Amino acid sequence: MAIGSGFATTNTMYAAVAKRSKEIGTLRTLGFSEGSILLSFLTESMLIAVLAGVLGCVLVLPLNWVTSGVGSFVSFSEIAFRFRVGPTTIVSGVIFSVVLGVLGGALPARAAAKKEIIAALREG
Amino acid sequence: MDTVVEARKLSKEYIRDADRVVALKDVDLEISGGEFLALMGPSGSGKSTLLHLIAAMDRPTSGQVLVLGKDPHSLAGRALARWRNVHIGFVFQSFNLIPVLTALENVALPLKLTSLSAKEQMEHATTVLSLVGLGDRLHHFPRQLSGGQEQRVAIARAIVTDPDFILADEPTGNLDAASANEILELLAALNRDHDKTIVMVTHDPHAVRFAKAIRYLEKGALRPAGEQPEDWVDRNISVVSVPSAKNSSEALL
């Protein structure tokens, strides 16, 4: 699921880079460096991922303490699962989403930064 | 006047669909400080390419362009980006404002790269927007402005860092006649009253009447100074002798 999310981030950010090509060319013309463009897209990707992480944590809260079980007819026993969302889970979940955001956004951000100014202006 | 731009044997070639396209061919050009030069020529004659090379937005295939005695193409990375921010104010045909930013934020954008505080950046941007006659449109988004107003914001953004040059690529190309006139008067006033060196690409015979000098490009080659293409003479378009910009432009600044 995490790998899928990473690809989704990459896909979203590539779309953002393509859509904002003219904007990238304009910013480069104004004097923004390749590094600034890279950082701005990476930050955007990270912020989207953090928002998604926090939203995921909030949406999952109603499932807190929900118990489910799996029965076995062979041993006539049941294994019970209790879904618990504690502070540690939330923090690690958000940190994991940040990592996914950075990894997923890295390639599109690099592509944005490496665009030639004239090509970027024409693509927009 | 000192020469501020000097192009020597400047050439630019592209590869397009496996074909070699010569956009500029051995162009020699000198531009003096305080000049308002109009670059004319048909589509594909290399006007915009020449402007892009002066602004160091693109690299020449061969030849050299010296801006203020220095070849900007010898710079790279952050140094080149910084050079553009300090020396060049670029005006695009389609304005190229950032749609999610207000007029004030758009104009303040190049100042983010300076050492000015956020408050000073906003003060500078406000002053420049008032200078171009948009003091009452500070917090409007581009979609809430007319084409002429958008181009004024773009000009304000181009001059907010007080660059040495204003390079305008068909600045009136997307405007109606009245708005185009206002923009040309504004550029002429910036040249006359603020001594800004302006290079404007256009193929509008009306627009060139605001310039002090005109040069023609044809198939990537620059015609000698004072010479205009024959078809222009046939069409009775006289732009070799250019009157100074109208006095009415003073009202704008």
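Predicted model: local features only at pLDDT ≥ 70, side-chain atom pairs only at ≥ 80, totals over all residues.
Two strands count as paired when DSSP finds at least two bridges between them.

In chain A, strand β1 (residues 67-72) and strand β2 (residues 77-82) run antiparallel and are joined by 6 bridges. One of the facing pairs is Ser68(A) and Phe81(A), the latter in β2(A). Together β1(A) and β2(A) make a hairpin, with 4 residues lying between them. Phe76(A), in the turn, has a positive phi of about 50°. How many of the 6 residues of β1(A) are buried? The count is 0, and the strand is hardly covered.

Chain A as a whole has 5 helices and 2 strands. Read from the N terminus, its elements follow the order α-α-α-β-β-α-α. For a chain of 124 residues the globule rule gives 14 Å, but the radius of gyration of chain A is 21 Å, well over that figure, so chain A is more spread out than a compact globule. Its C-alpha trace extends over about 70 × 30 × 20 Å along the principal axes. Of the 124 residues in chain A, 27% are buried. Among the contacts in chain A with a separation of 6 or more, 80% are between residues 24 or more positions apart.

Several residues of α3(A) are buried, including Ile37(A), Phe41(A), Leu42(A) and Met46(A). Ser45(A), Ala49(A) and Gly53(A) in α3(A) are buried too. What covers these buried residues? The cover includes α1 (2-19), α2 (21-30) and α4 (87-114) of chain A.

Chain A also touches chain B. The contact involves 12 residues of chain A and 15 residues of chain B. On the side of chain A that touches chain B, α2, α3 and α5 (117-123) of chain A each supply at least two residues. Which element gives the most to this side? It is α2(A), with 5 residues. By type, the residues on this side of chain A are 4 nonpolar, 5 polar and 3 charged.

Chain B contains an open sheet of 6 strands, in the order β5-β6-β7-β3-β8-β9, with mixed pairing. At the edges stand β5 (88-91) and β9 (221-222) of chain B; each has a single partner strand, so one side of each is left without a neighbour in the sheet. Helix α5 of chain B (residues 147-159) packs on this sheet and touches β5 and β6 (165-169) of chain B. The direction of this helix makes about 170° with that of β5(B). Elsewhere in the sheet, β3 (residues 36-40) and β8 (residues 213-218) of chain B pair in the parallel sense over 4 bridges. One bridge partner in β8(B) is Arg215(B), which pairs with Leu39(B).

Another open sheet in chain B has 3 strands in the order β2-β1-β4, with antiparallel pairing. Here the edge strands are β2 (19-32) and β4 (62-67) of chain B, each pairing on one side only. On average, neighbouring strands of this sheet are turned by 20° against each other, direction ignored. Strand β1 of chain B (residues 3-16) runs antiparallel to β4(B), and 5 bridges join them. Ser11(B) has Ser62(B) in β4(B) as its bridge partner.

Methods:
Residues numbered from 1 in each chain as written. Chains lettered and ligands numbered in written order. Contact = placed C-beta atoms within 7 Å. Axes fitted to C-alpha atoms, helices over the stretch in contact; angles between N-to-C directions. Rg over C-alpha atoms; globule rule 2.2 N^0.38 Å. Buried ≥ 20, exposed ≤ 12 C-beta atoms within 10 Å, placed from the backbone. Nonpolar A, V, L, I, M, F, W, Y, C, P; charged D, E, K, R; others polar.
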